[in-house]
Amino acid sequence: MNVLEIRNLTKTFGDFIAVDNMNLSVREGEIFGFLGANGAGKSTTINMISSLLRITKGEVRLLGKDIVKENKFAKMNIGIVPQDLAIYEEMTAYENVSFFAGLYGLRGSLLKERTEEALEFVGLGDKHKALPKSFSGGMKRRLNIACAIAHRPKLIIMDEPTVGIDPQSRNYILNSVKKLNQMGCSVIYTSHYMEEVEEICTRIAIVDHGKIIAEGTKEQLKSIITDTKETWIGVKNAERLDLDALKGIPGVNAVRMEEQSVKIISRGEINNLNWVIQQLIRDQVEISSVEEQAPNLETVFLTLTGRNLRD
Amino acid sequence: MEYWIMGNKAALLTYVIFVSYSAVRGSSPWEMLAYLSYLCVNMAIPILRKQRRFQLLGSVASAVLVALFAFRLNTIFILLLPVNLYEMVLLSGGRNRFALLLGLVPLLLIPVDEKLVYLLAASLSLLLYYGMRVHTEKLMKIGEEKETLRLDLQRLKLSLSMNEAYIRQSAYTIKLEERNRLSQRIHDEVGHAMAGALIQMEASRRLLGANPDKASELLGNAIAISREGLERIRLTLKDMKPRSEELGIHRLRLFADEFSANHAMKATVTHAGDLDAITPLQWKIIHENATEAVTNSLKYGGASAVEFEVRVLNRMIQSVVADNGKGADKIVKGLGIVGMEERAASAGGTVIVDGTKGFRVTTLLPFRKDE
């Protein structure tokens, strides 16, 4: 079952095309990542999904229902954590969450219960009465997440939720995304931090100039570029090396000697480093360094578009 | 939708009849005539469904009749008027607001105690009319959509069959070129060797009696030449692999060379990866997109150099045309870019146009490795 289905989605501002005939579907239980440079059209897409921007052309379906025609249904089932903080600094943390949850129609004891639950979830359970003014950037972000999840939406959209916050809060947020996902939420996550997307997303779309240029799991995306990885092993006494024995190790495609180091090219999905090192020890070779170069999503992006994710 | 109008009329007529009967004075023959003539005219409307003009005429006639009866016989007849008015608007394809106003006009002319009933009847009919209108418009829209989809399908089928024809054609061309090359080589190398050997053997036969030593030497030569010829045949056959990939990249090189010669722009071609993986159809797309992109560079870019790059990645073919011109902050999609996108899409690929550092058009085409 697809939680979200986007068909031929287009957004133009004058003659500038921000989102260009985009097609994609997010399946139930996925953490779907949008990876792209600044200005690639990620936020525009998200704003259209969450009905903040009018759709120029195409359609978006949430749980099979058109979000324009069934706008209320869509709003009830989407929770959005926008790129810019959307909390009231003068209201306490509790009031903020209960205000947003109230907008979704929660009332009375249910409202109270869900508000507390959401605050507890983001680790602000002891900060009910505190004003966001006194919060750090990360805590504000977490409060923002609490506001988005209190009404228990089916789909949570997080637009660059880790921009400008400390590493600790960042880890906390990444973990809570995983936890939300385990609780049955589907998540759309945008970022231009490749590491984050690689860590938490089950499926990823690489977006550039308003188009999806590649889509799939991170393994599939890397496999577009290459199926191999390179392992560089720095060695002191290379003459003892038994090259044929190295070539015989499963997964190894080629072995090349360079000065002071040996380069092993092997199939990407196989982890044979243990065997390689055992062989080197058997040959009584002195290892000075080991470095593995597998393609990451940044390389994929760079290779396909010719540009870096961050300028 | 006719059934709804008919139902509406029938219901109203029944009500009118019921009210007139239950009135104290009973029903006069004139009223009976009125009912029947109303029925006649209104039954004619759906029967004439093929001719809109007559339908409209019928509707107008019915409206006039109803108005007439209302003034001469019984004001209750006025209840039948709004349906006819809405029907007229619907048939003549007029505006909604119009219909609403038209329906309200008789309100001025009827007695106070019947105004309320009239209002009710008119608004119910209006509701029905609106519903029908929305319905009809939706149906028309769906019809139009169906039509555009059909046209799209036709266009796609056409381009598909054209592509298939192109594949067949290029396969044939490759075969033809290969055959020419093969016959050329057989003629040049094997043919000459065989002719040489034959001459030597002829000579040795003549010398066999007179000078056996010389004859045996010539025969040895002939054997050596034949052996060499055989070796050449083997080599030629071994070298026989079809060269679609060479054709593709050669054509691109040729294009780049011609381009540099004809314009004040340096064009270079680089390639990486296993070009064997590129099918003739994909080469066609790469060529056409490269031509298009370089035309753009020439027209708008103000560039002095352009670089063609064809790379075969693990699961994607990437063809880049990049110039060193001024680029563009904002890319406005013209026919050229749309054309490139359509071509790429026909092979399941995409085109990225980037104007941040010069102009750079990247065509990405996916391919399956096992093919």
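Predicted model: local features only at pLDDT ≥ 70, side-chain atom pairs only at ≥ 80, totals over all residues.
Good morning. At 26% relative accessibility, A:Glu89 counts as partly exposed. Its partner is A:Lys140, and the two side chains meet in a salt bridge with an N to O distance of 3.6 Å. A:Glu89 sits in the loop between strand 6 (78–81) and helix 3 (93–103) of chain A, while A:Lys140 belongs to helix 5 of chain A, so the pair ties together parts that are 51 residues apart in sequence. A:Lys140, at 17% relative accessibility, counts as buried.

Over all chains, a search of the whole structure finds 23 salt bridges. One of them lies within chain B, where the side chains of B:Lys9 and B:Glu87 meet at 3.0 Å, N to O. This pair links distant parts of the chain, with B:Lys9 in helix 1 (residues 2–22) and B:Glu87 in helix 4 (residues 81–92) of chain B, 78 residues apart. Both B:Lys9 and B:Glu87 are buried. In chain A, salt bridges also form a network that links A:Arg27, A:Glu30, A:Arg203 and A:Glu215.

I turn now to the interface. Here 19 residues of chain A are in contact with 21 residues of chain B. The area buried between the two chains is about 1,700 Å², and carbon and sulfur atoms give 51% of it. Which salt bridges cross between chain A and chain B? The rule finds two. In one, B:Arg315 pairs with A:Asp227, the closest N and O atoms being 3.6 Å apart. In the other, B:Glu341 and A:Lys211 meet at 2.5 Å, N to O. B:Glu341 lies in helix 10 (residues 335–346) of chain B and A:Lys211 in strand 10 of chain A, so this pair joins two chains. B:Glu341 is buried, with a relative accessible area of 16%, and A:Lys211 counts as buried at 10%. Between the chains, 13 residue pairs are in polar contact.

Finally, the nonpolar cores. The largest has 55 residues, of which A:Val97, A:Leu143, A:Met158, A:Val177, A:Tyr189 and A:Leu304 touch the most other members. Helix 5 (residues 137–149) of chain A gives the most to this core, with seven residues. Leaving aside neighbours within four places in sequence, A:Val177 is in contact with A:Ile31, A:Met158, A:Val187, A:Tyr189 and A:Ile200. Apart from this core lies another, of 32 residues, including B:Val269, B:Leu275, B:Trp283 and B:Val353. Thank you.

Notes:
Residues numbered from 1 in each chain as written. Chains lettered and ligands numbered in written order. Heavy atoms only, no water. Contact = heavy atoms within 4.5 Å. Buried area = accessible area lost by both parts, 1.4 Å probe. Salt bridge = Lys/Arg side-chain N within 4 Å of Asp/Glu carboxyl O. Polar contact = N/O pair within 3.5 Å; in protein donor to acceptor, adjacent residues only side chain to side chain. Core = buried A, V, L, I, M, F, W, Y, C linked by side-chain atoms within 4.5 Å. Buried < 20%, exposed > 50% of the residue type's maximum accessible area, 1.4 Å probe, protein only. Helix = DSSP H or I, 4+ residues; strand = E, 2+ residues; numbered from the N terminus.
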